[in-house]
Amino acid sequence: RDYIYAWEGLQFDLSANVLRRNGVVYQFAKTYPHEMRILQVALGVSPTAGGPVRSITGLTRALSNVSGCAVDFFVHDPDGVERFDLGNTRVIRGHRVAGTVDRSDDFANELDAFMPDVVHFHGLWSWTLHLDQVACRKRGIPYVIAPRGSLDAWSLRQKWWKKRVALALFQMRDLRLSAALHVTATMEKTHCKRIGYDGKFILCPNGVNLPASMPMIQRAGRRVLFMSRMHPKKGVIELVEAWHRLGRVSDGWVCELVYTLNGPEEVEYEAKIRGLVERLGLEKSFVFTGELDDESKWQAYRRADLFVLPTHSENFGIVIAEAAYAGLPVITTTNAPWDELIQRQAGWWIDLTLENLVHAMAAAMKMSDRERSAMGENAHALVVEKYSWDSLAESMVKQYGDLISQQGGRHA
């Protein structure tokens, strides 16, 4: 390790994977003498948690299929983990009860048994994950943290006083002592820097968990689709109010709401939305479908003509990628990192105001079916090109390897 060898004018620098000859430098890709051991960690995989769980499990599965990688997935609260295809991953089940702190030795035992080269944590604001990261530091194991959109301005304002206390007590220290933060877009990188983080980043977007086979298009009438959590940050109120302002433009259209409910606050919010729809006389225009399983979800995409997510905050927006893959033009906001919709003529990327939302929806509704279909084809091509889990996992493994080398880990 860290030796330079010379032979007949050739100089090999093994520590940097460099070959020099007559002043010319050749950089070689890093290779590993044995498998890279990757440990993914999540508090839970609740079916109501939406996009983050799908992206965590999608990444884990894809990593497990990369040659030369061994992947374990430690889930503190494993309820529901069997629903997911995790490929060649070994699932390690913790014994945490939802809403409690896991003070058991489960995670420490996994570190000692698996001896990972890198640990990848998903989520913030958890004392349980803090204890896990302390355990990694004690053993000199580099770890990566994925904030999952928790550090943008909108999210920080929610229960802000608790988050300020957490940042002061442990969260900022855990972030700064990490090997890197995993962000899905440059926008999220900016959010991390604003709170004072000045360390390294891994930039890797989320991929799309594709269906085994795409359902046939089953359109009956013209339909706008909203799919996400029933939560204020998703902009459902703005969507209903924009629909009301559309007036005659929306004649012949319906808006289908597909959503999950995660706790009593979201149940109350659903009731608020239903009440607003009734007060505005839009009962015939809105369909409250609620939660769908994965197969039915893709059928919902395929019966729609347009996808709308007027979000206040999104670190990626997996439903945007899914809708695009299903061939739908997309309307979303600049609070989500999807400026490519404009560049690829695949939809609308707007500042979130009621006027902008009405204008974008009216423009989409006034298009011919052929024009919307062309935009949908552009959206599909964008996702196929940039958001394949296989290529994203390869990129993630390379970035893990760079971190391990910099940290002086087992593969350095």
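The model is predicted, so local features are given only where pLDDT is at least 70 and side-chain atom pairs count only at pLDDT 80 or more, whereas totals for chains, interfaces and linings use all residues. Residues are numbered from 1 along each chain as its sequence is written, and side-chain values use heavy atoms, with hydrogens and water left out.

One place to begin is an open sheet of 7 strands, in the order E7-E6-E5-E8-E9-E10-E11, whose pairing is parallel. Its edge strands are E7 (90-93) and E11, each of which pairs on one side only, and neighbouring strands of the sheet are turned by 25° against each other on average, direction ignored. Strands and helices here are DSSP runs numbered from the N terminus, a strand (E) having at least two residues and a helix (H or I) at least four, and two strands pair if DSSP finds at least two bridges between them. Within this sheet, strand E9 (residues 143-146) is joined to strand E10 (residues 180-183) by 2 bridges, and the two run parallel; here Ile-145 stands opposite Leu-181 in E10.

Helix H6 (residues 186-194) lies across E10 and E11 and runs at about 140° to E10, while helix H14 (residues 389-407) lies across E5 (36-44), E6 (69-77), E8 (118-122), E9, E10 and E11, at about 105° to E5. These angles run from 0 to 180 degrees between N-to-C directions, with axes fitted as lines to C-alpha atoms, for helices over the stretch in contact; contact means heavy atoms within 4.5 Å.

A further open sheet has 6 strands in the order E14-E13-E12-E15-E16-E17, with parallel pairing. Strand E13 (residues 253-260) runs parallel to E14 and is joined to it by 4 bridges, and the bridge partner of Val-258 in E14 is Gly-290.

In the loop between strand E16 (330-333) and helix H11 (340-343) sits Pro-337, which is buried, with a relative accessible area of 14%. Buried means under 20% relative accessible area, exposed means over 50%, and partly exposed lies in between, with a 1.4 Å probe and protein chains only. Leaving aside its neighbours within four places in sequence, Pro-337 is in contact with Ala-185, Met-187, Glu-314, Asn-315 and Phe-316. Its C-alpha atom and that of Trp-349, 12 residues apart along the chain, are separated by 9.1 Å.

Helix H10 (residues 318-325) is mostly covered, with 8 of its 8 residues buried, among them Glu-322 and Tyr-325. After this helix comes Gly-327, whose phi is positive, near 90°.

What links the charged side chains? Side chains of opposite charge can pair when their charged atoms come close. A salt bridge here is a side-chain nitrogen of Lys or Arg within 4 Å of a carboxyl oxygen of Asp or Glu, and by this rule the count comes to 21 salt bridges. One of them joins the side chains of Arg-219 and Asp-305 at 3.6 Å, N to O. This pair links distant parts of the chain, 86 residues apart, with Arg-219 in the loop between strand E11 (201-203) and strand E12 (222-229) and Asp-305 in the loop between helix H9 (294-302) and strand E15 (306-309). Arg-219 is partly exposed, at 40% relative accessible area, whereas Asp-305 is buried, at 8%.

Other pairs lie within a single helix. In H9, Asp-294 and Lys-297 are 3 residues apart, about one turn of the helix, and their side chains meet in a salt bridge of 3.7 Å, N to O; Asp-294 is partly exposed at 48% relative accessible area, while Lys-297 counts as buried at 6%. In helix H13 (residues 369-386), Arg-372 and Asp-369 are likewise 3 residues apart, about one turn of the helix, and meet in a salt bridge of 2.5 Å, N to O. Arg-372 is buried at 3% relative accessible area, and Asp-369 is partly exposed at 44%. Salt bridges that share partners also join Arg-54, Asp-294, Lys-297 and Glu-322 into one network.
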